[in-house]
Amino acid sequence: MRDLIRGILKGAVGPEANDSRFLLDVHSRDLPGESTMVRYDDSDEVDLVVVGAGAGGSVLAQRLARAGWRVVILEAGPFWHPDEDWVSDEAGSHQLYWTQKRIIGGSDPIPMGSNNSGRGVGGSMVHYAGYCPRFHPSDFHTHSVDGVGADWPITYEDLRPHYEQVERELPVAGQDWPWGHPHRYPFSPHPVSEQGAVLWRGAIRAGVEMRVGPVGIVNGTFGNRPHCIYRGYCLQGCKVNAKASPYVTHLPDALAHRVEIRADCMVARVELDDATGRAVGVVYHDEVGGTERLQRARFVAVSGYSIETPRLLLQSTSRRFPHGLGNNDDQVGRYVMVQGAAQTAGRFPEEIRQYKAPPPEVSSEQFYETDPARGFARGFSIQTVGPLPITWSEHVLADGHWGRALREYMRDYNHWATIGVLNELLPHQDNRVTLAEETDPYGLPVARFDFSVGDNDQANMDYSTKVIKDILEAAGAQDVLTVHRYAHLVGGARMGTSPESSVLDANQRIWGVPNVFCSDGSVMPTQGSANPALTIMALASRLAERMASGRAMDSSGALVG
Amino acid sequence: MVGRYPDFDVFDAVETWDHATRKVIEDRMALAGRPLRFFTPEEEPTLRAFCDTVMAQDDEPRVPVAEFVDDKLAAGRLDGYQYADMPDDRETWRLVLAGLDEAARDRFGAEGFAAADPTGREEVVDALAAGKLSGGSWERLNVTRAWSVVMHAVLTGFYSHPWAWNEIGFGGPAYPRGFMRLGPVSTLEPFESPGATQEDPVRIVAEGEV
Ligand SMILES: Cc1cc2nc3c(=O)[nH]c(=O)nc-3n(C[C@H](O)[C@H](O)[C@H](O)COP(=O)(O)OP(=O)(O)OC[C@H]3O[C@@H](n4cnc5c(N)ncnc54)[C@H](O)[C@@H]3O)c2cc1C
Ligand code: SF4
């Protein structure tokens, strides 16, 4: 009976306290309310200034605006007008990415740009793929349970109501989920494309369970957001408004509740009053070569993601924090993580046409938890992906082909299907963001990110690539081709239980600074093998609830209530 | 190199593309024949010979890969990262072109990379792809990374061009039209057409038939 009622109601019950879906315009993709947006003065002491209009920053702003806070978001990138700015084209989407220079080092340097961070109103989710899995309960205490990684100062149960709320807001579509904490999704699973079906059949034969979704893509209609048109350009920004990003899920409601989004404003530092130890606001540039401006605020939230948040904190020096805000114990910028993201493609006699439908289709978390028999701690997930031609040509190049051989492989594009893994790589203190000598056009030091994989990481990656190869072979692939790569970013300003080993307390507040919080991917102590966006939003939702009630400002830094 | 889809032309669907996408693609096609802005006249022959060799383009009409790379570097549209042991991408390109000329001179006594014969050029590129060039300009680069930096730009230039999409049978821009026919195997939209042939490239390449 309950299932029947749930089935009938599927997709009909919208989230409370978020009207974004109704505020969007059916005839235009622009963010409604831009022209009538409230403007605050630099000297107005607003209640909250948020650095970065991405996943974490937007949810926090929307929630607190609903609680009556006066909020300004400063965003380094542009205010998008998707009808004109976004295109159905791979190379033409270059401006969506954070392409300001970053130096990459370590024994496994991680390429940045298109692959891991966005710049502009909506942040990286504007061009994320759309997978929206939750973390597993075990992710919150890997150190106690598996002897690796770190324990979070909060548990899955702290986030659970926020996962449920955010899943209704995106909204997430998928089959009933058997892994981690079993749960259902508010929207039914999408139809599966040919490439998804081919891979799924292989998985079944190889003894691997997969499920459709979970994706933050509208299935049916959702207020004024239409159904997905299966055009496959999710990583280039959804011109349809079917795919979830803060641009469509939280910022319309934020603007309707008097949030100002000040775009093209690069924040240079958090300004601290050394006498009181409180932040007075943030200093920013509204143009290259322009003079510094100071936006005053009672509270500051840094939401610039795992490279820019540490960079900003390191740049924010003061008498109390000579090495950067919150960095007296040399913790800022450490424990930055990426996930191993190898992809294997298989060649089939039939045409598959992997460019159709959203790249995220079917996934598995069967290998998510530690299995001692595998010889390494923690695990990985498996997800379908659908590389478009340029990305696909990089796969062929990585397999060692160029010239005529590359063209020969490329004209066979329609015969290949691609599947990927996400490995939980463990946090390591030397995988870190520091400031380089070089400066950006604003005169600010650019970030340097060093990364090296560890032994457990390597064992995990080796094992997982064998599993996806087996899936393709079971699916009947004649040949397979594997590329080794990385995806996603988290950590760099992690939450924890003491200032000696973390940057933030359990309320995501910087140790020793009463009014500066972080709300983005950088706060995570571990990453699981789930894609991070849903968890980033759920964390922001929880933080907002605690800031609105004042619990987050409890002076002990311990969890109260 | 012939494509597999003789009856398919993405432009047949051009009326279904949104205006912003159409403009980006038409601007890209208009790059052909545009005078270079970033590379010098001395570098130009090497750049063109390199782009032709790595993309196996030996005939007109060519996909304007050299112009695409030049436009990207001139506009400073870089990719957002620089390896700690590498110079800026713009400098990398100049060093790679100089290094190709040096390699062609050392190996064949050719005046430069562009003056070497096609087999010689392929030999040099093979060595570059394998990270096996050294001396002169190469000492200032991590050769393997330099190969990935330059090829990233070249491949983006080539496979962002509609002629390349025709060759590989890619459906192209799909907004606001979308795709209605996702499967089962080989179900096509009315504007798509099946491949005329379907030989396995893995076998062809492995057996040296390209
Ligand atoms: C290609 C790709 C595919 C992905 N696929 C998935 C997926 O399928 N599922 C998933 O869960 N995740 C995915 N991700 C990751 C996901 O998008 C990010 O983890 C998430 O958006 C990060 O949220 P955030 O709030 O931490 O930062 P962001 O969303 O990146 O927001 C940070 C914002 O801050 C701004 N900013 C930074 N510094 C400053 C400054 N100093 N001043 C002013 N503004 C500043 C930036 O411009 C940016 O807009 C993908 C990412 C990419 C790039
Ligand atoms: S496939 Fe669907 S979700 Fe992805 S970009 Fe297209 S319409 Fe948007």
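B:Pro176 sits in the loop between helix 7 (162-168) and helix 8 (201-206) of chain B. The peptide bond that joins B:Tyr175 to B:Pro176 is cis, with omega about 5°. Helices here are DSSP runs of H or I with at least four residues, strands are DSSP runs of E with at least two, and both are numbered from the N terminus. The model is predicted: local features need pLDDT of at least 70, side-chain atom pairs count only at pLDDT 80 or more, and totals for chains, interfaces and linings use all residues. Residues are numbered from 1 along each chain as its sequence is written, and chains are lettered from A in the order in which they are written.

A cis peptide bond also occurs in chain A. It runs from A:Gly213 to A:Pro214, and its omega is near -5°. A:Pro214 belongs to the loop between strand 4 (211-212) and helix 8 (246-249) of chain A.

Positive phi values are considered next. A:Arg258 is a residue other than glycine, yet its phi is positive, near 65°. A:Arg258 is placed in the loop between helix 9 (251-256) and strand 5 (259-262) of chain A. Its relative accessibility is 53%, so A:Arg258 counts as exposed. Accessibility classes are set by relative accessible area: buried is under 20%, exposed is over 50%, and partly exposed lies in between (1.4 Å probe, protein chains only).

A:Arg378, likewise not a glycine, has a positive phi near 65°. This arginine lies in the loop between strand 11 (362-364) and strand 12 (380-385) of chain A. A:Arg378 counts as buried because its relative accessibility is 0%.

Methods
Side-chain values use heavy atoms; hydrogens and water are left out.
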